[in-house]
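Here are my notes on the model, written as numbered points for you to follow with the structure open beside the text. Please take the points in order.

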Amino acid sequence: MTAGQITPVAERRGSAPAAGPAASRPRTSIATRRHRAFYLFAAPWIVGFALLTIAPMAYALWLSFTTFDGISPNWHYVGLGNYRELFSDAQTWQSLGRTGLFAITSVPLSIVAGLGLAVLVNRPLKARGLFRTLLYLPAVVPPVGAGIAFKQLFDQNSGAANGVLNLFGIDALGWLADPYARYVLIMTVLWTAGNIMIISLAGLQDIPRELLEAARIDGASAWRSFRSITVPLLSPVLLFQTVTGVIASVQTIMPLLLAPDPTPAGITALPQSNYLYMMHVFAEYFAFGRYGYASALLWVLFVLILVATGVIFKATSGVVFYNVDPEAKK
């Protein structure tokens, strides 16, 4: 082998590339990049949740231990004084009882109404899309607009409801006063049944048609198929609607929108049957200026909602059917 044919040993074995700035930096793993991307996209929600939810809740918790009235700097720390007063306040317990009765009444009625509408528009009808749209439209009306509309509709002097009664020779009723005010309030809940209809309709369309056809071939009636197949397979949707319905019903502000004078000064003239827990909170905040006591009321409501949600999940654990086990480990 001549000298020109001799290859250096380092060249034959493959010399290592020269070390530089790019080679000295460690490579970022795919998992790390995915985590960074996740937090980057979730950052707006995280920041908003921290500033608009966590911070106000923490501030309200701090207020619940004080006598702050929202204006005067002469406030002081009272510890659990507001909570002790709360548990001995008859008005608090009465408003809480009315709220519980309203939730027990309105939530099942709205779920049944929404499910009935969903079953109706799930059938092969002509102009089915138009019916779905018309039934859902009331659900997108803002609560303030709905409250004003119902207030005018059931006005004792010029409302359309009493106009219909007059056609049959029935005297005008004071719909927005006791004892009828509670029924108008429930009507406002049923007004938004289109929202429940849409969710129930999605659940109905997710039920395999083969099961219903097999039941029909076996001689099962429509009611038996609905009770034994549709409802069990729709149970997760019904559970979701129950939980969200209870949470929404105990926080409703619709009684204030139906009040003759929907202002802090007129909150005390609210019909007693519509003086729910949130109306009591509103009165303590804006009519009486007791920010500390009202904040304590809100925190007690928060705890009660957590307890009620836990009880609902525990009570329905054996009757809710999931296509995929929610407790299964991935």
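1. The axes of helix α11 (residues 209–217) and helix α12 come within 10 Å and cross at roughly 165°, where axes are lines fitted to C-alpha atoms, for helices over the stretch in contact, and angles run from 0 to 180 degrees between N-to-C directions. The two helices α11 and α12 are therefore roughly antiparallel to each other; angles under 35 degrees count as roughly parallel, over 145 as roughly antiparallel, 65 to 115 as roughly perpendicular, and the rest as oblique. On the side of α11 the contact is made by L211, L212 and A215, and on the side of α12 by S225, I229, T230 and L233, contact meaning heavy atoms within 4.5 Å.

2. A word on the origin of these values: this is a predicted model, in which local features need pLDDT of at least 70 and side-chain atom pairs count only at pLDDT 80 or more, while totals for chains, interfaces and linings use all residues. Residues are numbered from 1 along each chain as its sequence is written, and side-chain values use heavy atoms, with hydrogens and water left out.

3. Helix α12 also meets α13, and here the axes come within 4 Å and cross at roughly 60°, which makes α12 oblique to α13. The residues that meet are V231, P232 and L233 in α12 and S235, P236 and L238 in α13.

4. For the chain as a whole, there are 16 helices and zero strands; helices (H or I, at least four residues) and strands (E, at least two) are DSSP runs, numbered from the N terminus. Buried residues make up 32% of the 330 residues, where buried means under 20% relative accessible area, exposed over 50%, and partly exposed in between (1.4 Å probe, protein chains only). Among contacts between residues at least 6 apart in sequence, 65% join residues at least 24 apart.

5. Which residues of α10 are buried? They are A193, G194, I196, M197, S200, L201, G203 and L204. Seen down the axis of α10, these residues fall within an arc of 165°, so they line one face of the helix; the arc is that of the directions from the helix axis to the C-beta atoms. The buried residues of α10 pack against α5 (90–121), α6 (128–136), α9 (181–191), α12 (222–233) and α13 (235–249).

6. In helix α7 (residues 143–153), the buried residues are A146, G147 and F150. They cover an arc of only 100° around the axis, which puts them on the same side of α7. The partners against which the buried residues of α7 pack are α9 and α14 (254–258).

7. Is E284 buried or exposed? With a relative accessible area of 6%, E284 is buried, and its place is in helix α15 (residues 277–287). Leaving aside its neighbours within four places in sequence, E284 is in contact with G289, R290, Y293, A294 and L297.

8. L298, which lies in helix α16 (residues 291–315), is partly exposed, with a relative accessible area of 27%. Its contacts, again leaving aside neighbours within four places in sequence, are M278, V281 and Y285. The C-alpha atoms of L298 and M57 are separated by 9.5 Å, although the two residues are 241 residues apart along the chain.
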